[in-house]
Amino acid sequence: MYKPKPYEMSEYFCTQCNADLCKQKGFSPDMLHWVCKSCGTMLTNPEKDGGDSEIVWFCDRCDACLNEQEGFDEKCGEWTCRECGFVNAINPGEIYYSNDEYEAEQHNPYRGLTDAEILELALYRDEESINGRGDIIRTINVETGQPLVKKYLTTYDKSVYEFIKDHPIAYMPRIAGMYENDNCLIVLESYIEGPTLADILAKKAMTEQEAVHIAKQLCMILCDLHGQQTPIIHRDIKPSNIIINSDNEVFLLDINVAKWYDPEQRDDTRYLGTQNYAAPEQVGYGLSASSVKTDIYAVGMLMNVMLTGSFPKEKKAEGRLWEIIERCISLDAENRFSARELLEELQSIA
């Protein structure tokens, strides 16, 4: 990979974002070139001799500067990086002549897609971003007029999306298409009309009957997810990921941090989730890795928020519902309900 003619370092501070380079892991004042870990700008050390080459080559895998590695010659056709062992193609066709050009290409959401995939995506016309986010867009199929949601995901398990695409879950968005490129996974899914639970809670308090209805609907969705041959754990149940349509139907969105349940796993390799809704084991503080009981913790927290407007540490729900919530949010996952058990408890109330 070639990166464009770099900016000069200024007393070992990034000239673009003013980050202290000496605090960045791996940096040395003896280096000729360095990519700022804060903003991604490639910098050059004015005190070092850059040699005759006007081109700066970087490893596609580890970002090490190939020019500085002993024996490197840009006419070699390919080069095995001395740092990580990756074989880089030294291709003049990958030369960029400005940092802006390079950055634009690195963030191009279609980078690495085939021509056929790009043509397929051309069938969709972007209408507007959702909640002001550039990575979630309402789009229209120009041939059918069908509204869809297009997402650019950098955190995902593609196999989970593939399974949901082939085995749709009731009251979750249908996956219409997936396109994986060098930078992200582009997902097209059905557009569900209606406010999020976060929007509703921002405007009014919820009655016990309303809260129990939503919790029961979520439990039914979780029964499907958890009931697969290999259970799927959603791991991000929260008000902004729940939509209530005009028929009072509850939909659960966003499976980008979902994972397959592995009974042999003792700890999550990546700690993902939303503060207050994430179970202890989900963020590295539990006795085991995430399991189906992780989603029950989030439902318990959600019920308390729907009933009181607050998390339990601030204000607890009352009566029988608090007893149910308290078991849902037990620090020990084994003490929590399963989705089926929680549904039965809630059905006994309303």
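Which residue forms a salt bridge with lysine 151? In this predicted model, the partner is glutamate 189, and the closest N and O atoms lie 3.0 Å apart. The pair links distant parts of the chain. Glutamate 189 sits in strand S12 (residues 185-190), lysine 151 in strand S10 (residues 147-153), and 38 residues separate them. Strands (E, at least two residues) are DSSP runs, numbered from the N terminus. Both glutamate 189 and lysine 151 are buried, that is, under 20% relative accessible area with a 1.4 Å probe and protein chains only. Salt bridges with shared partners join Lys151, Glu189 and Asp254 into one network.

A salt bridge here is a side-chain nitrogen of Lys or Arg within 4 Å of a carboxyl oxygen of Asp or Glu. The whole structure holds 12 of these salt bridges. Side chains of opposite charge can pair when their charged atoms come close.

Two further pairs involve arginine. Arginine 125 bridges to glutamate 127, with 2.8 Å between the closest N and O atoms. Glutamate 127 is partly exposed at 36% relative accessible area, where partly exposed lies between buried (under 20%) and exposed (over 50%). Arginine 125 is also partly exposed, at 44%. Arginine 133 pairs with aspartate 135, again with closest N and O atoms 2.8 Å apart. Aspartate 135 is partly exposed at 26%, and arginine 133 is partly exposed at 42%.

Residues are numbered from 1 along each chain as its sequence is written, and side-chain values use heavy atoms, without hydrogens or water. Local features need pLDDT of at least 70, side-chain atom pairs count only at pLDDT 80 or more, and totals for chains, interfaces and linings use all residues.

Notes. Helices (H or I, at least four residues) and strands (E, at least two) are DSSP runs, numbered from the N terminus.
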